[in-house]
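Hi everyone, thanks for coming. Today I'd like to walk you through the salt bridges in one structure. Let me put it up on the screen.

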Amino acid sequence: MNTIAAIQMISTPVVADNIASARRLVTQAARDGAHLVLLPEYWPILGMHENDKLAVAEQPGAGPIQDAMASLARELGIWLIGGTLPLTAPAPGKVLNTLLAYDPDGKPAGRYDKIHLFGFTRGEESYDE
């Protein structure tokens, strides 16, 4: 029987703190028998402002967020899926909201760039995609 774990965590604006929390929670899930672990959407950063994720966006295949996911998958021998994390986008001032999956060897196994098409307005905050 294979066990799947869905991690819940409270992310902060500090990537290193979120990586540490994810490491602790994913390790516990693996110790409890999980072979596949799913991290929540935007687990590595929940900024105070929409543009905060621009400062930590990574190039595909390189950066502390992706390195942490790869090493966790490899060290624990699990499949690890990161709900979303910010990767650099071709358009200035934008990021790709990307889901990444790593196999038990810590190798990239899949990528999905999410597409959000919606309109939202609340006070001065407004998004139209």
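So, find E75 and R23: their side chains meet in a salt bridge, with N to O at 2.9 Å. This pair joins distant parts of the chain, since E75 belongs to helix α2, residues 64-76, while R23 belongs to helix α1, residues 15-31. The two are 52 residues apart. Bear in mind that what you see is a predicted model.

How exposed are these two? E75 has 52% relative accessibility, so it counts as exposed, because the cut-off for that is over 50%. R23 comes out at 30%, so that one is partly exposed.

Why would such side chains get together at all? Well, side chains of opposite charge can pair when their charged atoms come close.

Next up, E41 and K114. They form a salt bridge too, and here the closest N and O atoms are 3.9 Å apart. That still counts, because the limit is within 4 Å. Again we're linking distant parts of the chain: E41 is in the loop between β2 (34-39) and α2, and K114 is in the loop between β5 (108-113) and β6 (119-122), 73 residues apart. E41 is partly exposed, with a relative accessible area of 46%, and K114 is partly exposed with 26%.

One more pair: D113 and R111, whose side chains meet in a salt bridge at 3.0 Å, N to O. D113 is partly exposed at 27% relative accessibility, and R111 is partly exposed with a relative accessible area of 42%.

And how many salt bridges does the count come to? Three. That's it from me, thanks!

Technical notes: Residues numbered from 1 in each chain as written. Predicted model: local features only at pLDDT ≥ 70, side-chain atom pairs only at ≥ 80, totals over all residues. Heavy atoms only, no water. Helix = DSSP H or I, 4+ residues; strand = E, 2+ residues; numbered from the N terminus. Buried < 20%, exposed > 50% of the residue type's maximum accessible area, 1.4 Å probe, protein only.
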